[in-house]
Amino acid sequence: MNKVIGIMAHVDAGKTTFSEQLLYKCGSIKSIGRVDHKTSHLDRDETEMKRGITIFADQAEFTIGDNRYFLIDTPGHIDFSAETERAVSVLDYGIIIIDGSSGVQAHTLTIFRITQRYNIPIFFFINKSDMPNFNNENVISEIKERLTEDVIEIEKINDEKVKEFIAERDEDFFNKYLDENVTDSDCENTLRKLVKKRLCFPVMTGSALNDTGISEFIEVFDRLTFTEDKSSGVFRGKVYKIRHDEKGNRITFMKALSGSVKVRVEFCFKNDVREKINEIRYYNGEKCRNTNAAYSGELFAVTGIRSAVCGDILRLNVENKTGVGEYYINSAVQAKIETAEDTSKCMEILRIIEAEEPSLNVEYRKDTDEILINAMGKIQLEILEEMLERRFNLKVSFGKPTVQYRETIKGSVMGIGHYEPLRHYAEVQFILEENERGKGIEFESRCHIDRLALNYQNLIKTHVFEKKHRGILTGFSITDIKIILNDGISHLKHTEGGDFREATYRAIRQGLEKARNILLEPFYKYEITAENGYIGRILSDIQKMRGNFEPPEQKGNITVIHGRCPVETMFDYNSELLAFTKGSGSISMILDGYDECTISDRIIEEIAYDKGADKENTSCSVFCKKGAGFVVNWYEVDNYAHTLKK
């Protein structure tokens, strides 16, 4: 039975040390490495060894009896939570390590919420039981208060307290328990099902460094986990990591969700791009071995696939679509760039890094001649600087992170784009309607095929989605708008490739010019935990940051606050909170979409976007008269539009 498991924790909780013990005891490695000695089996990157933290989600293999395990050791720092989330998305089970001397820390909350999102069953291991300030009961109480109440401390699977716990959550078991007819097998099987459904979270205790409680944990974990055999299905593989080997080959890591795949099979992507698997590799730390096929439930890597990105589900004999993420904060890349060739080389290098870490989202802004990169946090950017210099001899620094706003509209409006220079012809008429928050751009056609051929309607839909259309307030991209094709006209002789692209772009822009435009900003959903004496200051800070909060929850001398706050004001609040609470306060933040900006006038003034100077996003149309094309400003287009003529 194949099982993919992940080890997760707040930084410095002992996650990598636990992983080393696990691999050693199961015979996967011959000696136990240590993070502080820079000898750990999984943290082999130069920057990881230098800083003593896990940056990349690395994997290893081990077996227990007939069960084959694929282990992923995930980053523990909040700046690399995107890497952790990609790993979580392919797990069958997760193990969360908690520092028994520090309790449930801020990033532990974030990790637990990520596992909730993907419905991953979780085991807890409370580490560092050898520390003088270790208090097991306090930590379990914290888990119940801050993560889940459905935890059960397990010493033996068939303990009486375990049976009572199961009886409270399973009716069939409850009836057997009342009749005193419960067997050890009943107890184990029911517990396995509860764990799988996230109705039970087993907790065990020990010290990874001193090898106490590890063997007992392994035994319980192996007995209480199971996966379904999906080897007979059609192949589906989820991409969760991209890397490049020492020869520069692109390596695509994935999990086989079902079926099997062999070397030399071909995947199809957009525009009939076809790519073959050249190699299939199993990785165990730095080492890898080649194989001819990979099967359901396995983690493996392939070479030869260049179009797939993290998060994609790859299937055979269909066109595979690649995903695009949403990005909230950017930093300008500051490098020694003197020529267009320098810019091209810098972008080429950054694209390699972007393939490995999609959350970076590299973008070149031609209008400002800037290279922008998505900023997850200060530590991530520092490590990126080191990596670029070490791997590519590229020295860069990063500007102050800036928020990525979005624009939308209120109500509905008609937009028309006409493109008719000599020997060209296309006109598009859209209805732009406000959409629900978080829906993004959606397309619908109400145009009859007798009016405009279906192939042109499909072409218009392609042009709607092929780029990010800029708003007119700040130049940031539009979102949450339903674009309805209401009418369109082609010309039998003069309509050529690209004409409908020009008409589509201009129709969207002209509609925006006539609409009531709204500026949106990104928000965090947060949870702040602090001692009661600091709550007045924190609530005052939240109001100053334009955030909101629910009624605070008091738990003894600790208070928990939930709410939403703009990314712009809360991005760096973690360091301020730690400073004035003397390290006792913690904050967990999850990006929570976009909402209307309450200081839009100030932001618009600061950005000072000149919509008229943006020639690549014009709202004007081109008409033709007496054999010559002429430009019509957006506010006059309706007077010239052919779709509006009776």
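In which sense do strand β1 and strand β3 pair, and over how many bridges?

Reply: Happy to. First, a word on the basis: this is a predicted model, where local features need pLDDT of at least 70, side-chain atom pairs count only at pLDDT 80 or more, and totals for chains, interfaces and linings use all residues. Residues are numbered from 1 along each chain as its sequence is written, and side-chain values use heavy atoms, with hydrogens and water left out.

Strand β1 (residues 2-9) pairs with strand β3 (residues 67-73) in the parallel sense, over 6 bridges; two strands count as paired if DSSP finds at least two bridges between them. Strands here are DSSP runs of E with at least two residues, and helices are runs of H or I with at least four, both numbered from the N terminus. Within this pair, Lys 3 has Tyr 69 of β3 as its bridge partner.

Helix α1 (residues 15-25) packs on the sheet and touches β1, β2, β3, β4 (93-99) and β5 (122-127), contact meaning heavy atoms within 4.5 Å. The direction of α1 makes about 150° with that of β1; axes are lines fitted to C-alpha atoms, for helices over the stretch in contact, and angles run from 0 to 180 degrees between N-to-C directions.

Now the whole sheet: 7 strands form an open, mixed arrangement in the order β2-β3-β1-β4-β5-β7-β6. At the edges stand β2 (58-64) and β6 (151-153), each with a single partner strand, so one side of each has no neighbour in the sheet. On average, neighbouring strands are turned by 25° against each other, direction ignored.
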